Amino acid sequence: MLGSYTLLLFLLANCGPHIGKIVTSYPVPTKEQAKTEFTEEQLAQGRTIWQSTCDRCHDLHPETKHTPEGWNRTLRRMIHKSKLTEDEGVLVRAYLIANSK
Ligand code: HEC
């Protein structure tokens, strides 16, 4: 019991900074920036993470559903729900923005 309570506190304590950093310290890249500032390999990794984590609660929404700003808004909620690390979140965001509307 004490163990899981400690774990919960640990998770809560770790949650904030990660999410805060993705949405505040990284500016929203434009589509062109996402394509040029990330390597093919990083974008492919982002795609793999997206395919394997973002369909857990609903079908994958197409990349072209949103503009870069739109994805940033949605990902604020979804990266949190997916419990992705900051690095994973950045890669997923880069992939989605590179292929956005
Ligand atoms: C823990 C469950 C869960 C996971 C994991 C999850 N989602 Fe969602 N998603 C939801 C729920 C619930 C909604 C509807 C409520 C809302 O829009 O916040 C939703 C709605 C959406 C929508 C439609 C609303 C909009 O803003 O366009 C998109 C797109 C989306 N999710 C993308 C993603 C992506 C990308 C990921 C992976 C990073 C992801 N989701 C992971 C639960 C989840």
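This is a short tour of the model, one selection at a time.

Before clicking, note that residue numbers start from 1 along each chain as its sequence is written. The model is predicted, so local features need pLDDT of at least 70 and side-chain atom pairs count only at pLDDT 80 or more, while totals for chains, interfaces and linings use all residues.

**Whole chain.** Show the protein as a cartoon: you get 5 helices and 0 strands, running α-α-α-α-α from the N terminus. Helices here are DSSP runs of H or I with at least four residues, strands are E runs of at least two, and numbering goes from the N terminus. Of the 101 residues, 24% are buried, that is, with 20 or more other C-beta atoms within 10 Å of their own; 12 or fewer makes a residue exposed, anything in between partly exposed, and C-beta atoms are placed from the backbone. Of the chain's contacts with a separation of 6 or more, 89% link residues 24 or more positions apart; a contact means C-beta atoms, placed from the backbone, within 7 Å.

**H4 and H5.** Now select residues 68–82 (H4) and 86–98 (H5): their axes come within 10 Å and cross at roughly 150°. Axes are lines fitted to C-alpha atoms over the stretch in contact, with angles from 0 to 180 degrees between N-to-C directions. The pair is therefore roughly antiparallel, the label for angles over 145 degrees. Show side chains for Pro68, Trp71, Leu75 and Ile79 of H4, which meet Gly89, Arg93, Leu96 and Ile97 of H5. That set splits into 6 nonpolar, 1 polar and 1 charged. Nonpolar covers Ala, Val, Leu, Ile, Met, Phe, Trp, Tyr, Cys and Pro; charged covers Asp, Glu, Lys and Arg; the others, Gly among them, are polar.

**Two stops on H4.** Pick Gly70, in H4. Gly70 is partly exposed because 15 other C-beta atoms lie within 10 Å, and its C-alpha is 9.2 Å from that of Ile97, 27 residues apart along the chain. Next, Arg73, also placed in H4, is partly exposed with 14 other C-beta atoms within 10 Å. From the C-alpha of Arg73 to that of Val28, 45 residues apart along the chain, the distance is 9.9 Å.

**The ligand.** Finally, which residues come nearest to the ligand? Of the 14 around it, they are Cys54, Cys57, His61, Thr74 and Met78. H4 supplies the largest share of this shell, 6 residues. By class, the shell has 5 nonpolar, 5 polar and 4 charged residues. To be near, a residue needs its C-beta atom, placed from the backbone, within 6 Å.

How values were computed:
Contact = placed C-beta atoms within 7 Å. Parallel < 35°, antiparallel > 145°, perpendicular 65-115°, else oblique.
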